[in-house]
Amino acid sequence: MKHKTVGIIGGMGPDATVDLFQKIIRATPASTDQEHLRILIDNNPAIPDRTKAILYGGKSPLSMLSDTARNLEAAGAQLLVMPCNTAHYYHSLIQQSVHIPLLHMMRETGKAIQTRYPTVKTVGLLATEGTVQSKLYHNALEALGICVLVPDGVHQRILTEAIYGEDGIKAGQRMGPAVRVKRAASYLIELGSELIIAGCTEIPLVLRDGDCAVPVLDPTQVLAEAAVREAMTESMQSGD
């Protein structure tokens with residue numbers, strides 16, 4: 001049976017990369033080692049910060065993102081995934097640099113909401129400032145008739161500190177950031193969110209479905225399931 005080889009554009013951050021890898025493994029319908037997908041990972045933590053680049057004139061990550069994508073393609077990847085929400089700001093340009101498909105996390109999340117939560121029309125987004133202000137989820141979801149609510153300035157700062165702070169998720173902490181993330185989620189629920197999107201790949205490390213009064217959707221899990229679906233579709237098309 002022939003499956004597509006999946007390439008992960010990783011390092012943004014390393015924990016998020018491992019999280020996606022594990023979720024792909026768990027989403028794969030396999031009972032032996034040999035039934036799992038071949039996965040190539042380029043964990044490149046030197047890629048410049050995406051939010052700093054988009055909002056504050058920091059060094060652009062595009063060159064390294066494209067190089068990483070090309071490295072994976074040259075190594076044999078036939079399908080790419082990128083466990084960083086904010087990096088999808090550069091999705092179309094990265095896609096132009098390779099000849100294999102790069103799945104789009106926000107579009108896959110939109111499909112998942114329509115399939116799993118068809119009555120939901122208002123969602124709350126927990127994400128980096130770069131993702132929020134570049135409207136990556138707004139553009140994908142509002143086209144489907146789904147309204148996206150975001151934190152006010154105070155709660156966005158709380159969320160940013162939970163992700164980037166010295167005692168934040170990227171620093172390897174969990175308990176303190178979890179409290180701050182849940183506070184931001186509660187604010188969005190009070191505004192009328194029927195579902196919370198964990199729209200930064202660090203957030204699912206501290207916030208899971210069941211932690212809030214409304215469902216929590218993990219785009220990393222959605223992306224993992226999409227990667228498995230697309231990789232295994234090749235086997236059915238090939239007739240192997």
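**Close-up views of a predicted model**

**View 1. Lysine 23 in its helix.** Lysine 23 is found in helix H1 (residues 14-27); helices (H or I, at least four residues) and strands (E, at least two) are DSSP runs, numbered from the N terminus. This is a predicted model, in which local features need pLDDT of at least 70 and side-chain atom pairs count only at pLDDT 80 or more, while totals for chains, interfaces and linings use all residues. Residues are numbered from 1 along each chain as its sequence is written, and side-chain values use heavy atoms, with hydrogens and water left out. Lysine 23 counts as buried because its relative accessibility is 10% (buried: under 20% relative accessible area, 1.4 Å probe, protein chains only). Leaving aside neighbours within four places in sequence, lysine 23 contacts Pro204, Asp218, Thr220, Gln221 and Ala224 (contact: heavy atoms within 4.5 Å).

**View 2. The open sheet of four strands.** The strand order is S5-S4-S6-S7, with parallel pairing (two strands pair if DSSP finds at least two bridges between them). Strand S5 (147-149) and strand S7 (216-217) are at the edges with a single partner strand each, so one side of each has no neighbour in the sheet.

**View 3. Strands S4 and S6.** Strand S4 (residues 122-126) and strand S6 (residues 195-198) run parallel and are joined by four bridges. Opposite valine 123 stands leucine 195 in S6.

**View 4. Helix H9 on the sheet.** Helix H9 (residues 175-191) lies across S4, S5 and S6, at about 155° to S4 (axes are lines fitted to C-alpha atoms, for helices over the stretch in contact; angles run from 0 to 180 degrees between N-to-C directions).

Definitions and conventions: Buried means under 20% relative accessible area, exposed over 50%, partly exposed in between (1.4 Å probe, protein chains only).
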